[in-house]
Amino acid sequence: MELKTIVTGFTGTENCTITPITNGLINTTSLVEDYDADEKFILQKINTQVFPFPEIITNNHILINSLLENGKYPLELVKPKATLSGSFIIKDENGEFWRMLSFIENTKTFFKIPDIKTAYESAKAVGSFLNTINPEHLPDIQPPIPDFINFEKRISDYQISLQHAHPDLLENAEPEIEIMNELLFLPEKWIEMEKEGILPKRIIHGDPNVRNILFDETSRPLAVIDLDTVTISTILYDFGDIARSYTNTLDEDNGDADNNFNPHIYRTVKDGFLLSLKKKLTFEELENLDYAAQTVIYIQAIRFLTDYLNGSTYYSTKYAEHNLDRTRNQLQLLKGLRKYLRIN
């Protein structure tokens with residue numbers, strides 16, 4: 001099915017141009033300029049290998065937007081566009097799923113935190129987003145990716161990979177495996193707190209990386225975007241991922257990383273994150289922010305290492321040791337954080 005046919009299903013016109021956007025990591029994305037309506041939209045083919053239930057991410061997006069619209073949220077919203085028949089997804093003749101989203105003009109994105117001010121404003125924007133989407137009674141948000149934040153399964157997957165990995169891969173990764181095994185205790189507290197119901201269930205973004213924030217020309221946050229990973233879990237995960245992705249002074253592909261943790265940004269993002277949220281969080285949540293940062297970094301490292309040992313079948317790689325370099329990078333980041341926290 002031609003792209004213009006799919007666009008017509010949403011807009012009713014073929015009088016448009018469709019331009020690929022190539023910086024997406026998961027979905028196939030294009031910019032649509034509708035000349036009849038004088039409007040721009042984002043068209044996406046949903047990657048069902050990652051998101052097996054496209055209806056779930058669309059329904060979640062609509063529920064989240066409703067909370068934001070009714071909650072005095074200060075930033076702009078990206079809105080799903082309905083098809084001419086009133087649904088929000090088109091399934092083409094090849095079984096591929098497509099959606100269309102509103103487009104916010106005159107914005108820019110960052111793939112890394114450029115400075116402390118942007119770090120603070122970004123964390124503040126995510127904190128405001130989370131504060132607004134977590135009312136007293138939560139709507140029926142469904143998990144878009146099964147077991148995405150199941151740390152017990154992440155550890156099990158890692159241990160299975162150790163048993164089945166090629167000997168050459170095990171040898172190459174021996175130093176990283178040794179560190180990983182020494183810190184294997186780290187997620188145990190998280191797993192136990194979740195089992196005992198100590199951590200409140202909240203709506204989280206699931207991927208609050210800076211690349212999922214749109215900024216204006218003055219680097220002021222305009223919108224928190226990419227709500228595909230929104231799910232019900234502990235809010236500690238979002239803080240941990242902010243700490244992981246914002247404080248890294250190097251690209252996470254850099255396997256020669258040394259001293260790549262920025263403590264000034266860590267303190268800054270904690271302040272920004274808590275600005276709107278602090279009064280809503282429980283004692284247990286507030287007390288475990290530093291622990292969450294360590295655990296989420298560790299889990300990301302173990303995911304990279306697991307994929308490396310499995311032959312790099314999940315993450316896109318450019319060379320044989322790409323996932324091993326990513327593992328090394330995360331372990332150095334964790335080392336820097338634990339040194340800053342004065343943990344041996």
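At what angle do α4 and α11 pack, and how far apart are their axes? The angle is about 35°, and the axes lie 9 Å apart. This is a predicted model, where local features need pLDDT of at least 70, side-chain atom pairs count only at pLDDT 80 or more, and totals for chains, interfaces and linings use all residues. Residues are numbered from 1 along each chain as its sequence is written, and side-chain values use heavy atoms, leaving out hydrogens and water.

**α4 with α11**
- Helices here are DSSP runs (H or I, at least four residues), numbered from the N terminus.
- Axes are lines fitted to C-alpha atoms over the stretch in contact, and angles run from 0 to 180 degrees between N-to-C directions.
- α4 passes α11 in a left-handed crossing (the near helix is turned anticlockwise from the far one by less than a right angle; clockwise would be right-handed).
- The contact (heavy atoms within 4.5 Å) includes Phe-151, Arg-154 and Asp-157 of α4, and Tyr-298 and Arg-303 of α11.
- Its residues divide into nine nonpolar, three polar and three charged; Ala, Val, Leu, Ile, Met, Phe, Trp, Tyr, Cys and Pro count as nonpolar, Asp, Glu, Lys and Arg as charged, and the others, Gly among them, as polar.

**The second largest pocket**
- A pocket is an open set of points on a 1 Å grid over the protein atoms alone, where a 1.4 Å probe fits, with protein on both sides within 12 Å along at least five of seven lines; lining residues have an atom within 4 Å of a point.
- The second largest pocket has a volume of about 390 Å³, the volume being the space filled by probe spheres set on the points.
- It is lined by 17 residues, and the closest to its centre are Lys-153, Arg-154, Asp-157, Arg-303 and Tyr-314.
- α4 (151-164) and α11 (289-309) are the elements that give two or more residues to this lining.
- The lining has seven nonpolar, four polar and six charged residues.

**α9 and its partners**
- Helix α3 (residues 116-132) packs with helix α9 (residues 263-277) at about 30°, with axes 7 Å apart.
- That angle makes α3 roughly parallel to α9 (under 35 degrees; over 145 counts as roughly antiparallel).
- The crossing of α3 and α9 is right-handed.
- Helix α8 (residues 235-246) and α9 pack at about 150°, with axes 9 Å apart, which makes α8 roughly antiparallel to α9.
- The contact of α8 with α9 has 10 nonpolar, no polar and one charged residue.

Technical notes
Parallel < 35°, antiparallel > 145°, perpendicular 65-115°, else oblique.
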